[in-house]
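Here's a quick briefing to read alongside the model. Have the sequence and the 3D view open as you go.

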Amino acid sequence: MAASRSGAHSDGLPAKLARARMLNPRAWFDRGAPKIQLRRFAGTARHQDQLSSPICVAHLTDLHVGRVTPMPVQMAAVDLVNRQDPDLVVITGDFVCHSQEYLDALEEVIAAFDAPVIGVLGNHDHWSGAGEVRRALRRAGMEVLDNAFTTMTLQRERLQIVGVDDAYTGHADVARATKGLRRDLPILGLSHIAEESERLWPAGVPLVLSGHTHAGQVTLARLNELALGRLVGHRYIHGLYGSRRHPEPEGAVYVGAGIGAAVIPLRLGERARREVTLFELGYPPGAFDEDHTPQEALPGRPPSERKIQDRQVAVARKQARRLRKASKKGLFGD
Ligand SMILES: [Fe+2]
C-alpha cells in the first residue's frame with residue numbers, strides 16, 4: 001500500500017513500518033482483526049442434481065483496496081477466507097476506488113488467497129482504468145471474466161463460471177458471456193450488478209453472485225432499502241433473492257455486502273457488516289441454517305438508455321483525463 005503524501009501510512013503507521021509490512025503481507029494479520037461477517041448458504045437444487053461432490057465457493061465483493069479500506073481489513077478478509085479452505089474464491093468487482101494508486105496493494109491481496117481466484121470488474125474499476133486493473137489482477141494470478149465463461153475442475157467436478165462485465169458503466173454483454181455454455185454441467189454466474197441475473201437465469205445460470213450496493217452501508221430501519229431501492233432503483237439490495245428450487249427462467253441472486261467502501265467507511269446495522277459468504281454448491285437449499293430466507297425483489301427502476309450512455313461517456317472522459325495527465329508527466333519528466 002502506498003504511503004500518503006505526509007509520509008505517514010494511510011492507517012496511521014509510520015512509512016518505514018508500513019514498507020516493512022508491505023514486504024511481508026502476512027504481517028498485516030497481526031493487527032486487531034476487523035469484524036467481518038461470515039455467512040453460509042447452500043447452492044441450488046440444480047447444483048445438487050449435477051454435483052456428486054460438494055464444491056465450496058467463497059464470495060467477496062467490493063474490496064475497494066485503498067485509503068478508505070486499508071490493508072489490515074483486506075488481509076483479515078483474506079485470512080478469514082483461507083481459514084475456511086474453499087475450493088474457489090470469486091470476487092464480483094470494485095477492486096479499487098478512484099485511481100490506480102493502490103494496484104500494488106491489490107496485487108498483494110489477491111495473491112494472498114490460497115484457493116484459485118476468479119472475478120469480474122465493477123464500475124469503480126472501469127472509472128479507474130479497466131485495462132490497468134485487469135493487468136494487476138492477472139499478475140496476481142486471478143482470472144478475470146469479461147463477458148466470458150471458464151470451466152474449472154474442483155473436487156473432481158467440472159464447474160462453469162460465467163462472468164458478466166460491469167453493467168453500470170454499460171459493459172455487460174450477457175449473450176456473449178453465455179455463448180457456448182453447457183446446460184448439462186453445473187454453472188455459477190458472477191456480475192457486479194445483481195439485476196443482470198434476470199438475463200442470466202434464462203440462459204441456464206441458476207445462481208448469480210454480485211455486489212455494488214455495499215448493502216447500503218446503513219441497514220438500520222431499512223434505510224438501505226429506501227435509499228437503494230426507492231431512490232436509486234435497485235431491485236436487489238443485500239442477501240439472497242429469488243428461488244434456488246425453481247427451474248429456469250427463474251433463479252437466485254446473492255448480493256454481498258462487500259469488504260470495503262470507496263468514499264466513507266461507515267457501516268451500521270447487522271446486515272451492513274463487511275462480509276465473506278460461503279456457497280456450498282451440491283447441498284440442497286434447507287440443508288443447514290442460513291443467515292436469512294430468500295427475499296422478494298423490490299420493484300426497482302431500470303436506468304434509461306440516456307443514463308447508460310451518460311455513464312459510458314463518463315468512463316471515456318476519465319480515461320481521456322488519465323491519458324492527458326500521463327502525457328503531461330512524460331513531457332515534463334515528472
Ligand atoms: Fe463498490
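This is a predicted model: local features need pLDDT of at least 70, side-chain atom pairs count only at pLDDT 80 or more; totals for chains, interfaces and linings use all residues.

- Six strands make up an open sheet with mixed pairing, and their order is 1-12-2-3-4-5.
- Strand 5 runs parallel to strand 4 (residues 117–120), and two bridges join the pair.
- Across that pairing, I118 faces E143 of strand 5.

**Positive phi outside glycine**
- D85 isn't a glycine, yet its phi is positive, at about 55°.
- You'll find D85 in the loop that links helix 3 (71–84) to strand 3 (88–92).
- D85 has 10 other C-beta atoms within 10 Å, and 12 or fewer means exposed, so D85 is exposed.
- Q155 is another non-glycine residue with a positive phi, near 55°.
- Look for Q155 in the loop between strand 6 (148–154) and strand 7 (157–164).
- Q155 comes out as partly exposed because it has 15 other C-beta atoms within 10 Å.

**Around K179**
- K179 belongs to the loop between helix 6 (174–178) and strand 8 (187–191).
- Its 13 C-beta neighbours inside 10 Å are why K179 counts as partly exposed.
- K179 and N147 are 32 residues apart in sequence, while their C-alpha atoms are 9.5 Å apart in space.

Definitions and conventions: Residues are numbered from 1 along each chain as its sequence is written. Two strands pair if DSSP finds at least two bridges between them. Helices (H or I, at least four residues) and strands (E, at least two) are DSSP runs, numbered from the N terminus. A residue is buried if 20 or more other C-beta atoms lie within 10 Å of its own, exposed if 12 or fewer, and partly exposed in between; C-beta atoms are placed from the backbone.
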